[in-house]
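Student: Please take one part of this model and go through it closely with me, in careful steps. I would like to know how its pieces lie against one another, and then how that part sits among the rest.

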Amino acid sequence: MKKFLLLTIFLFINVMILAGCWNYKEIEKLTIVAGVAIDKGENNPFRVTVEIVQISGGKETKATSKLLTMEGKTIFDAVRNAISLTGKKLYWSHTKLVIISKDIAENGILRVIDWYNRDAETRSDVYLLISKEKTAREILEGKGVTDEIKSFEIADTLKNEKSLSKAPTTELWKFINDLESPGISNVVPTVNISTSENISTPQVMGLAIFKKATLIGFLNGRESKSVLFVKDELKGGLILDGVQVNNSQPVSLEIFKSKTKMEPIVKANHNIEFNVNINTTVSLEEIPTSMNLTDEIKLKKLTSRTEEVIKKRVGDCIKKVQSKYGVDIFGFGENLRENNPRIWNQIGNNWDDKFKELKVNVKVKVKIKGSGIFSQSIKMGD
Amino acid sequence: MRKEQISDKEAMFVLIIYYIGSSFILGVGGEAKNDAWISVILGVVMAVPVILIYARLLSLFPEKDLFDILDWAFGKWIGKLFALVYIWYSFHLGALVIRNFGEFTNTIAIPETPMIVPMLCIGIICTVAVTSGIEVIGRISAAVLPILIIIVSTVSLMAIPKMYFHFLKPILGNGFLPIIKGGFSVFSFPFAESVLLMGVFSSLKTNKSPYRVYLLGTVIAGLLILMITFRNITVLGSTYSKFYFPAHIAVSMVSLGDFLQRIELAVAVDFVFGVFIKTSICLLVTCKGIAKLLRLNDYRSIVIQVALLMVYFSYTLYDSIMEMAGWAFKVYAYYAFPFQVIFPIILFVTVEIKVRRGKKKLQTGVGTDG
Amino acid sequence: MIVLIIIGYSLLALFELIPFYHQKHWREFWVNAGFGFCSFTIAVLLSFDVNIPSPSEPIKNMVMFVIRKLV
């Protein structure tokens with residue numbers, strides 16, 4: 001009897017405590033955010049545009065996207081103002097990217113990304129992008145090609161960037177990590193609108209250079225590839241223009257594997273030089289002229305010319321960054337700090353000044369490993 | 001009353017879960033930044049002598065717990081004073097662990113639920129476990145620890161693609177001082193906290209087993225914590241020490257393909273089990289101590305009230321998570337030092353002198369009060 | 001809230017204290033009643049949002065004081 005009574009009371013208490021969650025969220029009550037664009041507002045410091053996914057049920061479930069714009073004194077203020085528009089709280093777990101406009105980035109983006117990195121509902125492994133257009137909102141206004149939802153399409157672009165290599169990929173947490181560690185400056189991919197036949201599509205190309213958290217300049221797609229070469233983040237992509245056989249059209253070489261080793265050489269008086277050794281394996285993929293591929297001398301010539309081209313481009317890119325921007329986006333300082341902390345502690349304080357005069361020796365080794373499925377180039381009959 | 005007994009294996013598992021419970025999720029040795037893994041090794045090495053003292057004390061007095069030993073060594077009044085000190089420490093530690101759990105759920109999972117609710121829930125479970133006794137806690141540990149280890153290792157293996165091994169460099173970049181500081185904090189949290197298990201391991205079978213249990217348990221837990229710290233550093237880099245719950249963030253980065261992602265709740269499962277065992281041990285020791293102090297027949301009669309007090313106490317401990325983190329990293333190591341090192345050494349010296357003076361006393365002197 | 005607390009504690013008293021009373025375990029009875037009274041008071045205070053002083057601050061000050069003395 002007593003046991004029975006105890007059990008009843010226990011169940012009764014359980015019903016009260018465990019009957020439901022304190023606050024529950026139904027899937028149809030959520031406004032799922034796919035991407036965020038942050039601009040300067042007209043009346044307020046920030047204008048936040050979110051792309052929200054609307055799922056319509058029925059026979060064929062379809063996901064459509066919609067834009068929602070709100071302003072606020074801070075980012076979080078703007079985000080919460082969304083409730084006044086939709087009546088629902090935004091749901092951040094599926095967000096793929098954050099696009100920041102040029103204006104905001106030029107004034108420092110720390111105040112923009114702090115909320116996103118700090119809040120528990122958002123995730124810090126989103127992609128960070130800088131809009132090259134006037135506003136960041138325009139990017140999301142464009143039309144997707146394969147995916148109705150632009151943010152997801154841009155995220156796919158970034159994911160497949162490894163076989164194009166014309167832009168880096170920067171996740172938010174990595175940005176903050178590099179911001180905190182001395183000896184490396186951040187690069188963030190840029191996105192612009194490409195218009196053809198009156199349809200504007202977002203296009204990811206090139207990168208933006210940051211000094212601390214402030215935007216100071218851009219590099220184009222080809223230079224981005226050089227940056228990726230140095231940072232050893234290159235996984236694929238093509239090398240073409242400039243590599244010429246018989247002074248005609250360029251040959252396309254696809255990068256299969258690339259490995260870059262950076263090594264600091266410490267000389268007397270703390271003078272530092274860097275050796276950058278690039279080892280690349282490529283494959284001939286497109287040959288517009290006739291050429292005997294089994295001819296060893298010609299292949300050697302092609303190889304050495306490719307090496308020259310990469311060396312020149314990478315060298316030029318490093319020089320350009322050194323002279324024009326003066327920030328170490330390649331991570332030479334970080335490399336020195338990790339491998340030679342004693343020297344770094346002595347000279348690391350004004351690394352950016354040191355970086356401007358840093359001597360970098362680029363050495364490139366190219367190995368051509370194949371030529372597609374053809375052993376010969378196409379020969380025209382006479 | 002039947003004498004409760006646990007096997008060496010179970011005792012070791014209890015000890016391991018006790019170690020890894022909250023340190024898995026809170027992260028250890030944050031002072032040393034990316035050298036925290038060296039701090040872990042240093043912490044284990046520093047802990048070994050102290051742990052040998054605990055084991056020696058236990059093996060001198062088979063079937064007697066911390067409070068019996070205190071009583072025997074210092075006599076009635078000073079012994080009671082020391083007992084009071086350890087009751088306070090275990091009570092406070094239990095409250096701290098409950099608070100960690102409350103802050104974790106409140107920050108990560110359910111920010112709008114009042115914190116007292118998850119804390120009360122864990123309090124109720126612990127009450128049940130403690131009322132069932134150390135045997136049951138031992139058997140739960142034996143059942144749960146393999147699962148925990150499997151979860152943790154799988155998650156860590158899956159994190160390998162996200163690891164950047166250059167985050168480990170520069171090794172010793174900031175010199176030795178931060179590492180020693182980190183090692184000290186690893187020593188006090190979690191390793192030397194095992195002083196409280198002296199209140200429980202009176203249930204061990206032989207007087208050789210304390211050494212085995214303590215040493216093996218510490219080494220295994222040390223390896224596990226080393227693995228976790230290593231993973232957190234290589235995934236998160238130097239920001240590792242800035243998160244309240246680095247393990248959670250590190251695991252949230254894991255994604256295999258497009259389908260296996262957002263697995264951070266697996267870590268939360270570990271944490272809940274760990275907190276459960278650790279709080280249970282603290283509660284058990286507190287209740288045993290109070291029962292000995294007030295000469296009650298059985299500690300079970302006060303478990304519920306003490307558990308409730310513990311939960312309320314932990315609720316009032318801090319105002320915010322910032323305060324908790326500040327306290328845990330700045331104050332705790334020094335605050336716990338007397339309980340973990342100074343008092344045990346005093347006890348150890350007294351006991352050794354008394355034992356050397358006359359072996360006879362050991363048989364007659366102990367056990368009149370138990 | 002207060003109602004829930006009173007119900008909870010009376011249930012506790014019913015299942016914990018009464019058996020001790022019947023078995024004439026006076027020591028257990030009084031210790032349990034004492035602890036129960038303490039926790040009940042704190043629970044009521046908490047439900048009224050009374051700020052109960054936390055020992056963290058004094059401990060912190062004490063530890064800092066001792067460290068400064070030693071160093």
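Tutor: Let us begin with helix 2 and helix 7 of chain B, which are roughly antiparallel to each other, because an angle over 145 degrees is counted in that way, while under 35 degrees is roughly parallel, 65 to 115 degrees is roughly perpendicular and the rest is oblique. Helix 2 of chain B covers residues 36-60 and helix 7 of chain B covers residues 209-236, and the two pack at an angle of about 165 degrees with their axes 9 Å apart. An axis here is a line fitted to C-alpha atoms, for helices over the stretch in contact, and the angles, taken between N-to-C directions, run from 0 to 180 degrees. Helices are DSSP runs of H or I with at least four residues, strands are runs of E with at least two, and both are numbered from the N terminus.

Before going further, please keep in mind that this is a predicted model, in which local features need pLDDT of at least 70 and side-chain atom pairs count only at pLDDT 80 or more, whereas totals for chains, interfaces and linings use all residues. Residues are numbered from 1 along each chain as its sequence is written, chains are lettered from A and ligands numbered from 1 in the order in which they are written, and side-chain values use heavy atoms, with hydrogens and water left out.

Helix 2 of chain B passes helix 7 of chain B in a right-handed crossing, a name used if the near helix is turned clockwise from the far one by less than a right angle, with left-handed for anticlockwise. The contact of these two helices has 18 nonpolar, four polar and one charged residues, where Ala, Val, Leu, Ile, Met, Phe, Trp, Tyr, Cys and Pro count as nonpolar, Asp, Glu, Lys and Arg as charged, and the others, Gly among them, as polar.

Chain B has another such pair in helix 5 (residues 134-158) and helix 9 (residues 264-293), whose axes come within 10 Å and cross at roughly 155 degrees. That angle makes helix 5 of chain B roughly antiparallel to helix 9 of chain B, and the crossing of this pair is left-handed. In the contact, which means heavy atoms within 4.5 Å, helix 5 of chain B contributes residues including B:I134, B:S141 and B:V155, and helix 9 of chain B contributes residues including B:A266, B:D270 and B:L284. By class, the residues of this contact divide into 15 nonpolar, two polar and one charged.

We can now turn to chain A, which has 12 helices and 13 strands. Four of its strands form an open sheet with mixed pairing, in the order 10-11-12-13, and two strands pair if DSSP finds at least two bridges between them. Strand 10 (238-239) and strand 13 (359-370) of chain A stand at the edges with a single partner strand each, so one side of each is left without a neighbour in the sheet. Strand 12 (residues 272-286) of chain A runs parallel to strand 13 of chain A, and 11 bridges join them, with A:K359 in strand 13 as the bridge partner of A:E273. Helix 9 (residues 296-325) of chain A packs on this sheet and touches strands including strand 10 and strand 13, making about 145 degrees with the direction of strand 13. Helix 10 (residues 332-339) of chain A also packs on the sheet, touching strand 11, strand 12 and strand 13, and its direction makes about 120 degrees with that of strand 12 of chain A. Strand 11 and strand 12 of chain A pair in the antiparallel sense over 14 bridges, and they form a hairpin with five residues between them, where A:N269 in the turn has a positive phi of about 60 degrees.

Finally, chain C comes to three helices and zero strands.
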